[in-house]
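Here is a short report on a protein model. Look at the sequence and the structure first, then read on.

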Amino acid sequence: MLSGIRATVAFTAAETCPIADLSTEVDYPIYSRSTSVSPLESTHSVTEFLLQGEPPTLDAAIDPIFAYGPTRLYRYTHDKGVTCPCECLGLFGCPIERYFAHEGTFTIVFHATDFHQLQEVIAELRDRFPDIDIKRLVRSPTEGTAKDNVFVDRSRLTARQLEVLQTAYDMGYFSQPREANATEVASTLDISQSTFAQHLAAAQSKVFDQLLEHDG
């Protein structure tokens, strides 16, 4: 039985990654084409990515390599050692499946061999980059089924959001046919209907963000 886990994590500190910083200058996500991670003292690691045309400014470590018509392939050479999440993953032998940056936030998708390795990787990432946001964790489908097993981090919800979501569920607000309307749920929670709607929308957004994988 396979025990691997696919993790999607995001970082919001643009200074952590020059490519993320560069993404604030363009109005579309920047995707990596390939990444070579070698965190050894004697080697550099590189990340290649595509841009439409030439950006206003470029970090000194970013070089244009190839042109696909108006789209150019750039290569970013990392410093020696571990200075970014990509290189940190290299310490654990976890290559990056996908990388994309947009508006100063960058997201990476990688695979851990099992939950134990995932815990070690996340702990190391969180220690080095405290702004890490775990977006989605998917366990490898169990043998004989094609279903994804998705981990939902309930700690991302505030206590009030979790209470609103739990109460709405318990009262049958999400049942078909619906067993309780918004007015009834709000009354039970002793809040206005508009406040209930705000809390519910915020809670659902956080849950769906983990359930539905997307690029940005």
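In this predicted model, tyrosine 68 is partly exposed, because its relative accessible area of 39% falls between the limits of 20% for buried and 50% for exposed. Tyrosine 68 sits in strand 4, which covers residues 62–68. Together with Ile65 and Phe66, Tyr68 forms a nonpolar patch on the surface. The accessible area of this patch is about 300 Å².

Now take the whole chain. The protein has six helices and nine strands. The table lists some overall values.

| Property | Value |
|---|---|
| Share of the 216 residues that count as buried | 39% |
| Share of contacts with a separation of 6 or more that join residues 24 or more positions apart | 59% |

Next comes helix 5, which spans residues 182–189. Which residues of helix 5 are buried? They are Ala182, Val185, Ala186 and Leu189. These residues lie on the same side of helix 5, because they cover an arc of only 100° around the axis. The general rule is simple: an α-helix has 3.6 residues a turn, so residues three or four places apart point the same way. On the other side of helix 5, Ser187 and Thr188 are exposed.

The ends of helix 5 deserve a look too. Asparagine 181 caps the N-terminal end. One of its side-chain oxygens lies 3.1 Å from the backbone nitrogen of threonine 183. After helix 5 comes aspartate 190, with a positive phi near 60°.

How values were computed. Residues numbered from 1 in each chain as written. Predicted model: local features only at pLDDT ≥ 70, side-chain atom pairs only at ≥ 80, totals over all residues. Heavy atoms only, no water. Buried < 20%, exposed > 50% of the residue type's maximum accessible area, 1.4 Å probe, protein only. Helix = DSSP H or I, 4+ residues; strand = E, 2+ residues; numbered from the N terminus. Arc of directions from axis to C-beta. Polar contact = N/O pair within 3.5 Å; in protein donor to acceptor, adjacent residues only side chain to side chain. Contact = heavy atoms within 4.5 Å. Patch = residues over 30% accessible without salt bridge, like charges linked within 9 Å, V, L, I, M, F, W, Y side chains within 5 Å. Areas by Shrake-Rupley, 256 points an atom, 1.4 Å probe, with all protein chains shown as cover. Salt bridge = Lys/Arg side-chain N within 4 Å of Asp/Glu carboxyl O.
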